[in-house]
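This report describes selected features of one protein model.

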Amino acid sequence: MNTTENAAAIRSLEYPCGDPPSVGDAREIAPGVLWIRMPMPFRLDHINLWALRDGNGWAVVDTGLSTVDTAKAWSTLLGAAGPLRGERITRVLVTHMHPDHIGMAGWITRRFDCRLWMTRLEYLQCRVLMGDTVREAPEDGVRFYRKAGWSDDDIESYRARFGSFGKMIHPLPDSYRRVQDGEHIAIGDHQWQVVVGRGHSPEHACFYCPDLALMISGDQVLPRISSNVSVFPIEPEADPLGEWLASHAKITREVPDDVIVLPAHNEPFRGLHPRLEHLTDGHLRGLERLRERLAEPRRAVDVFPALFARPINDAQLMSLATGESMAHLNYLVQRGEARVEVRDGIAWYRRDESGHEAASQ
Ligand SMILES: [Zn+2]
């Protein structure tokens, strides 16, 4: 993404809720809506959670990573001097299955004997991925990354990291309450509409409240960073970028521009529609640069410069960048704009001029 344009677009958003609350504290940003922050031991060092007044308790949306620091922060929030002191958590809603969102869900639901509410694909996919914690890296995964052009060293680091997903998640409850796209959920005095988006995760729930003009967006819309949109070894032909762009259009249709968006990272903001438009433009520009690069045959690892401004120099970034590159390559392949040829286990992509001409006639 072009950083100058990005900076200009980010400046055009408004941040009406001020500075974030400190860890262990909460800030009321609308009647009965609390903003909570949890720490994360990464370069992205926080996640936002939301507590919604629900009768004589609180419904929470997202929960934080399962770490000692998050457990401490929850204890402070719920403790004698904390903002949620003496009150019940009535239910846990989770936007999607990533560990920073679902990590503490099992811990909270067991402590308060309450239910976990989430979409079916997110719940089931999470159970599947948590099952990987005790497994060796599968041959399908090794083949997937070799095909993308990874070296033997890169593959070794994939093997070493495989299964880490479940390590930051408390065991999930064995049953859950399914939420579905378009459903209206009554929480306290308000109705929250479920708006499902795809591409960052399989069935990501956003929660939109027309009364309060708020939308809890999880990772589906973030103001200052772009969410990861990746292909993973479990479904090598997936088209998450197609789903992501379609979701931007869907959210623009279903949620008005005047909401305050409550994102999982950065700060609450106004400017939903321009932000979605800007994110879409960023991907379309990336695809354009990718098309140019595919004049010659390239592997997934050869196209990073078309999509990322920064150097891809560690194993974690390598993994994210490969998934994102595959998302853009699959997008072109599935629309007949690129062709892939596998030679000696390595996939080579090239612009498909014939397909492109046929499509534009
Ligand atoms: Zn996520």
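Is C209 buried or exposed? C209 is buried, since its relative accessible area is 0%. The model that gives this value is a predicted one.

**Cysteines**

C126 has a relative accessible area of 0% and is likewise buried.

| Cysteine | Residue with the closest cysteine sulfur | Sulfur–sulfur distance |
|---|---|---|
| C126 | C114 | 16 Å |
| C209 | C206 | 14 Å |

A disulfide requires two cysteine sulfur atoms within 2.5 Å.

**Zinc site**

Which residues coordinate the zinc ion? The donors are NE2 of H96, ND1 of H98, NE2 of H200 and OD of D219, at 2.1 to 2.2 Å. Along the sequence, these donor residues follow the spacing H-x1-H-x101-H-x18-D. H98 belongs to the loop between β5 (88–93) and α3 (99–102), while D219 belongs to the loop between β11 (214–218) and α8 (240–254), so this pair ties together parts that lie 121 residues apart in sequence.

The angles among the four donor atoms run from 91 to 170 degrees, and the site is irregular.

H98 counts as buried at 18% relative accessibility, the cut-off for buried being under 20%. D219 counts as buried at 5% relative accessibility.

**Second largest pocket**

The second largest pocket holds about 320 Å³ of space. It is lined by 16 residues, of which K147, P236, E237, M326 and Y349 are the closest to its centre.

Which elements each supply at least two residues of this lining? They are the helices α6 (139–148) and α11 (315–334) and the strands β14 (338–343) and β15 (346–351). The largest share is that of α6, with five residues. Sorted by class, the lining of the second largest pocket comprises 10 nonpolar, two polar and four charged residues.

Technical notes
Residues are numbered from 1 along each chain as its sequence is written. This is a predicted model: local features need pLDDT of at least 70, side-chain atom pairs count only at pLDDT 80 or more; totals for chains, interfaces and linings use all residues. Side-chain values use heavy atoms; hydrogens and water are left out. Donors are N, O and S atoms within 2.8 Å of the metal (3.2 Å for Na, K and Ca); water is not among the atoms, so sites may look incomplete. Four donors count as tetrahedral if all angles lie between 85 and 135 degrees; four count as square planar and six as octahedral if opposite donors are over 155 degrees apart and all others between 65 and 115; anything else is irregular. Helices (H or I, at least four residues) and strands (E, at least two) are DSSP runs, numbered from the N terminus. Buried means under 20% relative accessible area, exposed over 50%, partly exposed in between (1.4 Å probe, protein chains only). On a 1 Å grid over the protein atoms alone, a cavity is a set of points where a 1.4 Å probe fits but cannot get out, and a pocket is an open set with protein on both sides within 12 Å along at least five of seven lines; lining residues have an atom within 4 Å of a point. Grid points are joined across faces, edges and corners, and a volume is the space filled by probe spheres set on the points. Ala, Val, Leu, Ile, Met, Phe, Trp, Tyr, Cys and Pro count as nonpolar, Asp, Glu, Lys and Arg as charged, and the others, Gly among them, as polar.
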